[in-house]
Amino acid sequence: MAWPDGYGRRVLAEVDSTSAEGARIAGALAGPEWILGLRQTAARGRRGRPWVNPPGNFAASLVLRPQEPPEVMALRSFVASLALYDALEALAGDASGLALKWPNDVLLHGGKLAGILLESVAGHLVIGIGVNLIAAPGVDQVEPGAVAPVSLLAETGKRVLPEQMLEALAAAYAVREVAFVTYGFGPIREAWLSRAARLGEEITARTGTQVFRGTFETVDESGNLVLKTSEARRAIAAADVFF
C-alpha cells in the first residue's frame with residue numbers, strides 16, 4: 001500500500017528504543033516521522049516496565065508535533081489504537097477476534113497482541129507501538145493477572161514482516177489522524193467504543209494507589225475510563241485494567 005504523503009520514514013537495524021530515538025531526533029524533524037527498529041536493546045512499556053521484543057516482532061514510534069493542549073494530544077492513544085486495528089485487519093484479512101483494551105492495547109482472541117505508549121518530549125509527541133508479529137512473551141514475563149500475550153503468527157498462521165506492518169500502519173494512521181484533526185474526538189471515540197473489549201462487563205482498574213471493580217460503562221469525552229462501581233460512577237484517567 002502507498003506510503004502516506006507528508007510522513008517521513010527511517011528503518012534502523014538496531015536501536016535502544018524507537019521512542020528514545022524519536023526523542024533524540026524530534027527537534028531536527030521537519031514533519032511527522034516513523035521510526036522502525038528491527039532490533040531493540042532497551043525496549044520499555046507502560047510505567048517504565050521492560051518490554052520483551054525479539055527480532056521479527058514490530059517496534060516502531062511516530063514522532064509528531066501537534067499544536068494542541070496536552071489533554072488533546074493524549075487522545076491520540078485512541079487514534080493510534082484504531083489505526084493499529086485497521087492495519088491488522090488489512091494484513092490479516094479479518095477483524096474477527098480483534099478488540100481494543102483501554103487505555104492502549106490491542107487484543108486478539110482475548111490475548112494481548114499489541115501495546116501503545118505515548119510520551120511527550122519538548123513539545124513533540126512520541127507514539128511507541130509494539131506488535132507481537134511472530135512471538136509473544138511468556139506468561140511469566142508479564143504482571144500477575146495481566147492479559148496473556150499472544151502473537152499474530154500463532155493465532156492466525158499469518159507471517160507479517162515488520163516492514164509490511166509499518167506500511168499498513170502508517171497508511172491507516174494518516175487516515176485516522178486527518179479524521180481526528182478535522183472532526184475532533186467524537187467520531188474517534190465512537191469508533192473505538194464499537195471495538196472495545198469487555199464493554200458493559202465487570203473489570204478491575206488499578207491506579208497507582210487504588211483498585212476499583214465495576215462495570216465498564218464507556219469512555220468519556222476526555223478519554224477517561226468510566227466505571228460504575230458499587231459506591232459511585234467513577235471516571236478514571238490512568239490505570240491498568242484487568243479482566
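Hi everyone, let's start with a pocket. The second largest pocket is lined by 22 residues, and A74, S77, P103, L118 and A237 are the ones that lie nearest its centre. Keep in mind that we are looking at a predicted model. The volume of this second largest pocket is about 490 Å³.

Who builds the lining? Helices α2 (70–73) and α3, together with strand β6, each supply at least two residues. The largest share comes from β6, with four residues. If you sort the lining by class, you get twelve nonpolar, six polar and four charged residues.

Now let's follow β6 to its neighbour. Strand β6 covers residues 111–121, and it pairs with β7 in the antiparallel sense over eight bridges. Within that pairing, E119 stands opposite V126 in β7. The two strands form a hairpin with two residues between them, and A122 in the turn has a positive phi of about 50°.

On its other pairing, β7 meets strand β3 (residues 58–64): the two run antiparallel and are joined by seven bridges. Here A60 has I129 of β7 as its bridge partner.

So is β7 buried or exposed? Eight of its eight residues, 124–131, are buried. That holds for both faces: H124, V126, G128 and G130 are buried on one side, and L125, I127, I129 and V131 on the other.

Next stop, helix α6, residues 185–193. Its buried residues are F185, I188, R189, A191, W192 and L193. They pack against α3 (76–92), β4 (98–101), α5 (162–183) and β9 (211–219).

Last topic: aromatic rings. A pair of rings is described by the distance of the centres and the angle of the planes. The count here comes to three aromatic pairs. One of them is W34 with Y173, an edge-to-face pair at 6.3 Å centre to centre and 85° between the planes.

Finally, F78, F185 and W192 form one aromatic cluster.

Note on methods: Residues numbered from 1 in each chain as written. Predicted model: local features only at pLDDT ≥ 70, side-chain atom pairs only at ≥ 80, totals over all residues. Heavy atoms only, no water. Buried < 20%, exposed > 50% of the residue type's maximum accessible area, 1.4 Å probe, protein only. Pairing = 2+ DSSP bridges. Contact = heavy atoms within 4.5 Å. 1 Å grid on protein atoms, 1.4 Å probe; cavity = no way out; pocket = protein on both sides within 12 Å on 5 of 7 lines; lining within 4 Å. Points joined across faces, edges and corners; volume = space filled by probe spheres on them. Nonpolar A, V, L, I, M, F, W, Y, C, P; charged D, E, K, R; others polar. Phe/Tyr/Trp six-rings, centres within 6.5 Å; stacked < 30°, edge-to-face > 60°.
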